[in-house]
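Please keep the sequence and the model in view while reading.

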Amino acid sequence: MKDMCANLGEAAHHLGAEAAAELGRAMLKHAPMHSAHEGWAVIYEELDELWDEVRAWQPSTNDYSKMRKEAIQVAAMALRFVHDVCDR
């Protein structure tokens, strides 16, 4: 169990770094979220893009890269929501 927790902690660290890098790119490219409603809409758009990739995914390819990319973007926009809306 201890090994599994260590592995999860390491994975969370690496995934968090990926989401933070995506967040940085988004903050350079787009203006801050001005309201909770705008933030929700941005997250919803990213989630919808993830859903598109989930529906398009073919098990025979074993390629998760497009879904993974969209999931990281969902995480980044959730962090941006906290930064721009909740923590201002």
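Asn62 lies in the loop between helix H2, which covers residues 36–56, and helix H3. In this predicted model, Asn62 has a positive phi of about 55° although it is not a glycine, and with a relative accessible area of 56% this residue is exposed. Pro59 has its place in the loop between H2 and H3 as well, and at 55% relative accessibility Pro59 also counts as exposed, because the cut-off for that class is over 50%. Computed along the chain in residues, Pro59 and Ala6 are 53 apart in sequence, and from C-alpha to C-alpha they are 30 Å apart in space.

Helix H3 runs over residues 65–86, and its 22 residues reach 31 Å from the first C-alpha to the last, which is close to the 32 Å expected at 1.5 Å a residue.

The largest nonpolar core has seven residues in all, namely Leu23, Ala26, Met33, Ala76, Met77, Phe81 and Val85. Helix H1 (2–29) and H3 each supply at least two residues of this core, and the largest share, four residues, comes from H3. In soluble globular proteins, nonpolar side chains tend to be buried together. Which residues does Phe81 touch, not counting residues up to four places away in sequence? Phe81 touches Met33, Ala36, Gly39, Trp40, Ile43 and Cys86.

**Aromatic pairs**

The structure holds two aromatic pairs. In one of them, the ring centres of Trp40 and Tyr44 are 5.2 Å apart and the planes stand at 20°, so the pair is stacked. Trp40 and Tyr44 both lie in helix H2, four residues apart, about one turn of the helix. Trp40 counts as exposed at 55% relative accessibility, whereas Tyr44, with a relative accessible area of 47%, is partly exposed.

**Salt bridges**

Side chains of opposite charge can pair when their charged atoms come close. The count comes to four salt bridges, and the table lists some of them.

| Side chains | N to O distance |
|---|---|
| Glu22 and Arg25 | 2.9 Å |
| Arg55 and Asp52 | 2.4 Å |
| Arg80 and Asp84 | 2.7 Å |

Glu22 and Arg25 both lie in helix H1, three residues apart, about one turn of the helix; Glu22 counts as buried at 17% relative accessibility, while Arg25 is partly exposed, with a relative accessible area of 49%. Arg55 and Asp52 are separated by about one helical turn, because they are three residues apart in helix H2, and Asp52 is partly exposed, with a relative accessible area of 37%.

Is the pair of Arg80 and Asp84 buried or exposed? Both Arg80 and Asp84 are buried, and they lie in helix H3, four residues apart, about one turn of the helix. For Asp84 the relative accessible area is 7%, and beyond the contact with the side chain of Arg80, Asp84 touches Met27, Pro32 and Met33, when residues up to four places away in sequence are not counted.

How values were computed
Residues are numbered from 1 along each chain as its sequence is written. This is a predicted model: local features need pLDDT of at least 70, side-chain atom pairs count only at pLDDT 80 or more; totals for chains, interfaces and linings use all residues. Side-chain values use heavy atoms; hydrogens and water are left out. The expected span of a helix is 1.5 Å times one less than its number of residues. A nonpolar core is a set of buried Ala, Val, Leu, Ile, Met, Phe, Trp, Tyr and Cys residues joined through side-chain atoms within 4.5 Å. Buried means under 20% relative accessible area, exposed over 50%, partly exposed in between (1.4 Å probe, protein chains only). Contact means heavy atoms within 4.5 Å. Rings of Phe, Tyr and Trp (its six-membered ring) pair if their centres lie within 6.5 Å; planes under 30 degrees apart count as stacked, over 60 as edge-to-face and the rest as tilted. A polar contact is a pair of N or O atoms within 3.5 Å; within protein, one must be able to donate a hydrogen and the other to accept it, and residues adjacent in sequence count only if both atoms are side-chain atoms.
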